[in-house]
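Subject: Structure handover

Hello,

Here is the structure I promised to pass on. Please open it first, then read my notes below.

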Amino acid sequence: MESVIGLHFIDVIIIVVYMIGSLALGLYCTRFVGSAEDFFIAGKALPFWAVGFSIVTSDIGATDFVAVAGAAYTNGVSAANFDWMGSMPAMVIAAFVFVPYFWRSGVFTIPEFLGRRYNTGVQFVNGLIWAVVLFFMLAIMQWLSADKLMHTILGWNTYWTLAITAIITGIYTFSGGLTAVVFTDVVQLIVMYVGGFGLLALSVWKVGGWTSLHDKILAMGPAYQNHFKLLLPHDTTGPFPWTGIVFGLGLVMAVAYMSGNQVIVQRTLGARSEWDAKAGMLFGGLLKFSIPLMVALPGLCAIVLVPQLGAENADRAVPAMIRLLMPAGLRGLMFAALFAAMMSHISASLNSTATIFVTDIIGQIRKWAGKGQMSEKTAVRMGRLLTAALIISTALLAQPIGDRPSIYVYMQTILSMFQGPLLAILLLGIMWPRATGYGGFAGLTLGLVCAFVLYQTPGLFFAQDPFLFVAWWSFVFAMIVTVVVSLLTKPESEEKLRGMVWSSVVRDVDAQDALRERIAQ
Amino acid sequence: MEAMIESFCKAVFYPILAPIFLPINTFLGRVYQPWASICAVGLFVGAMIWVGLLLNKDYVNRGRSHKSVWTDLRLWTVISMTPHVLVYFYFR
C-alpha cells in the first residue's frame with residue numbers, strides 16, 4: 001500500500017531516534033524498582049506534574065488523534081465533549097472525594113479498596129471485570145494502532161508493526177513498572193503537544209483564521225449548522241445528545257472513569273503526597289482542556305481543506321491534513337506524536353492489567369486457598385511475568401478481538417456496561433456507612449445485568465448508539481438495588497468502617513490512626 | 001447469537017421498559033436551550049463552588065509541603081475550570 005503521509009529520510013531518522021530514546025528512558029527507570037510498591041505505584045514518589053502529565057497521556061491514544069478528528073469532521077465540536085464535559089468536573093470529584101480515600105488507605109487497586117469496604121466477593125468480581133476489559137482494550141488498541149493507523153497511513157505491514165510495538169512497550173513496562181511508564185509519558189505528552197499544536201497552527205493558518213473557518217463551514221449548508229454547537233437536542237439520532245452528555249457522560253461515565261479506572265487512579269496512588277495526588281488530577285484536567293484543540297479542530301479545518309473526503313472517510317482527515325500541510329521533518333515529528341500516544345496508551349493499560357491480575361485475582365485466589373500473602377519479590381516477579389504474558393497474548397489475539405467495523409462505539413459500549421454499577425457502589429461505599437457487603441455485591445452484579453438488558457433492547461432511546469443512557473440508567477438502578485439490599489441486611493461493624501467512609505475520614509482523628517495502623521499491618 | 005439475544009430482550013423487556021422510558025424521552029425531547037447550557041455550565045460552576053466555598057480548607061490542601069496562595073488547590077480548581085465554562089458559553 002502506498003504511504004499516505006509520504007515520509008522522507010529525515011522523518012524516519014526522527015522516528016527511530018524517538019523510539020530508541022523511549023526505550024532507553026524506560027530501561028533507565030529499572031534502577032528505581034526494588035519492591036512491589038516501586039513496580040506497581042512508583043514507590044509513592046511521583047510529583048504532581050508527573051501525575052498530571054501521565055493521566056493525560058494514558059487517556060489519549062493515537063486513535064484519539066484520528067477518531068476524534070474524524071468525529072469532529074462528521075459531527076462538529078460536539079466531539080470535544082469527551083475531553084471537556086467528560087473530564088474536568090469528574091476530575092474535581094475524583095480529586096476531592098475518591099483520591100484521598102484510595103491514597104490514604106494505601107491500596108494498589110480500586111477492587112482492593114472495594115474489598116476492604118465491602119467484601120472479597122465484590123473485590124474479585126470487580127477485579128475480574130477490569131482485567132477482562134483491560135485485556136480486550138489492550139488487544140483492540142494494538143490492532144487499531146497497527147492496522148488502522150500504521151498500515152493505513154504508512155503502508156507498513158500490520159503484523160510487523162504489531163510485533164515491534166509489543167516488543168518496545170513490553171520491554172520498558174516489564175523492566176521499569178509504573179516509574180518507567182510515567183516518565184516516558186511525560187516525554188510523550190510533550191512530543192504529542194508539539195506535533196498536535198503544529199498541525200493545528202498550520203491548519204488554522206491555511207483556512208484563513210478562526211472567523212474564516214466558522215463562516216466557511218456554516219456556508220456549506222444545513223448539514224453543517226450544528227457543527228459549532230457543543231450541546232445537541234435530546235432527540236438527535238447521533239451519539240451525543242445533550243442529556244446523554246450531561247447525565248450519562250458528565251455525571252456517570254466520566255466520574256467512573258476518573259475515579260474507578262485503574263489506569264487513571266494508579267497514577268494518583270503513586271503520588272508522593274495526598275496534595276500531589278489531588279493537584280495532579282487538577283493539573284491533568286487543565287492539560288486535557290487543550291486536547292480537543294489539537295485533535296478536534298484540525299478535523300473541522302479538514303472540512304474546508306479536504307471536503308472531498310466525505311463522512312465515510314472522515315477518519316482519514318488527520319492523515320490527509322498531515323500530507324497536505326506538514327513539511328519534511330515536521331511529518332516525522334507528527335508521526336512520532338502518534339507513535340507516542342499509541343505506546344503510552346498500551347504501556348499504561350499493560351501495567352494496570354498486570355497490577356489487577358496480581359493483586360485482585362491471583363492474590364485473592366491464594367487467600368481463598370489459604371496460602372497467605374505473596375512476598376514482595378514474588379509479587380514483582382509475577383507482575384513482570386504477567387506483563388510479558390499479556391503483551392504477547394494480546395498481540396496474538398489482537399486481530400480476532402480488534403478487527404471490527406465500528407471499534408470506537410464497541411469500546412465505549414464495553415465501558416458503559418459496567419461503569420454505572422461500579423460508580424454506584426463506589427459512591428455509596430464512601431458516602432453511606434449503611435451500605436453493606438451484600439448490598440454492594442447485589443448492586444454490582446444486578447447493575448451489570450440491567451446495563452446488558454438496556455443495551456440489548458432496541459427502541460428505548462432516540463440515539464442509535466445509546467451507551468450514554470445505558471451508563472446513566474444502570475447507575476440509577478445499581479444505586480437503588482444497593483440501598484434496598486443494604487437496608488435488608490445486617491449493618492457493617494464500626495471497626496470495619498473506620499477510615500473507610502467520608503464522614504469519618506474528614507472529621508475523625510481516631511479513624512485516621514486506625515487507617516494508618518491498617519496500612520502498617 | 002447477538003440477534004437472538006436482541007429479539008429475546010425486545011420480546012421480554014420492551015413491553016416492561018417502554019412505558020418507563022418513552023414518556024421520559026417525550027418530555028426531554030421538548031427541553032433544549034437554554035436548559036442544556038444551564039445544566040452543562042452548572043456542573044462546572046457547582047463543582048467550583050463546592051471546592052472553593054463548601055469544602056474544608058484543610059481537607060482540600062492536606063499534605064501540601066508549604067503554605068502559599070499558589071499551592072491552594074481551591075485556586076487551582078477555579079483556574080482549571082474557568083476555560084471550560086468559557087467554551088460552553090462560546091459554543092452554545
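Of the 521 residues in chain A, 59% are buried. A residue counts as buried if 20 or more other C-beta atoms lie within 10 Å of its own, as exposed if 12 or fewer do, and as partly exposed in between, with C-beta atoms placed from the backbone. This is a predicted model, in which local features need pLDDT of at least 70, side-chain atom pairs count only at pLDDT 80 or more, and totals for chains, interfaces and linings use all residues. Residues are numbered from 1 along each chain as its sequence is written, while chains are lettered from A and ligands numbered from 1 in the order in which they are written.

Chain A overall

Chain A has 23 helices and zero strands. Both are DSSP runs numbered from the N terminus: helices are H or I with at least four residues, strands are E with at least two. In chain A, 83% of the contacts with a separation of 6 or more join residues 24 or more positions apart. A contact means that two C-beta atoms, placed from the backbone, lie within 7 Å.

The core

The largest nonpolar core has 178 residues. Such a core is a set of buried Ala, Val, Leu, Ile, Met, Phe, Trp, Tyr and Cys residues joined through C-beta atoms within 7 Å. A:Ala69 and A:Ala296 have the most contacts inside this core. Helix 16 (residues 330-368) of chain A gives the most to the core, with 15 residues. Beyond its neighbours within four places in sequence, A:Ala296 touches A:Val68, A:Ala69, A:Ala72, A:Val77, A:Ala79 and A:Ala80.

Two domains in chain A

Chain A splits into domain 1 (9-403) and domain 2 (406-490). These bounds come from an automatic or database domain assignment. Where they meet, domain 1 of chain A supplies 36 residues and domain 2 of chain A supplies 29 residues. On the domain 1 side, the elements giving two or more residues are helix 5 (88-105), helix 6 (110-117), helix 7 (120-154) and helix 10 (242-260) of chain A. Helix 10 of chain A gives the most to that side, with twelve residues. By class, the domain 1 side has 23 nonpolar, eleven polar and two charged residues. Here Ala, Val, Leu, Ile, Met, Phe, Trp, Tyr, Cys and Pro count as nonpolar, Asp, Glu, Lys and Arg as charged, and the others, Gly among them, as polar.

How enclosed is helix 6 of chain A? Seven of its eight residues are buried, so helix 6 of chain A is largely enclosed by the rest of the structure. The buried residues of helix 6 of chain A include A:Phe113, A:Leu114 and A:Arg117.

A helix pair

Helix 3 (residues 48-59) and helix 11 (residues 262-269) of chain A pack at an angle of about 170°, with axes 9 Å apart. Axes are lines fitted to C-alpha atoms, for helices over the stretch in contact, and angles run from 0 to 180 degrees between N-to-C directions. The pair is therefore roughly antiparallel, a label for angles over 145 degrees. Helix 3 of chain A contributes A:Val51, A:Ser54, A:Ile55, A:Ser58 and A:Asp59, and helix 11 of chain A contributes A:Val263, A:Ile264, A:Arg267 and A:Thr268. Those residues divide into four nonpolar, three polar and two charged.

- A:Ala442 is in helix 19 (residues 437-456) of chain A. A:Ala442 is buried, with 21 other C-beta atoms within 10 Å. Not counting residues up to four places away in sequence, A:Ala442 touches A:Val481, A:Thr482 and A:Val485.
- A:Ile217 lies in helix 9 (residues 210-218) of chain A. A:Ile217 is partly exposed, with 19 C-beta neighbours inside 10 Å.
- A:Val12 lies in helix 1 (residues 9-28) of chain A. A:Val12 is exposed, with 12 C-beta neighbours inside 10 Å. A:Val12 and A:Gly329 are 317 residues apart in sequence and 8.7 Å apart in space, C-alpha to C-alpha.

Chain B

Chain B is assigned domain 1 (1-31) and domain 2 (32-92). Their centres, taken over C-alpha atoms, are separated by 37 Å. Against chain A, 40 residues of chain B contact 36 residues of chain A. Helix 5 (73-90) of chain B is among the helices that supply at least two residues of the chain B side. Helix 5 of chain B gives the largest share of that side, nine residues. The chain B side divides into 27 nonpolar, nine polar and four charged residues.

Best wishes

Key: Angles under 35 degrees count as roughly parallel, over 145 as roughly antiparallel, 65 to 115 as roughly perpendicular and the rest as oblique.
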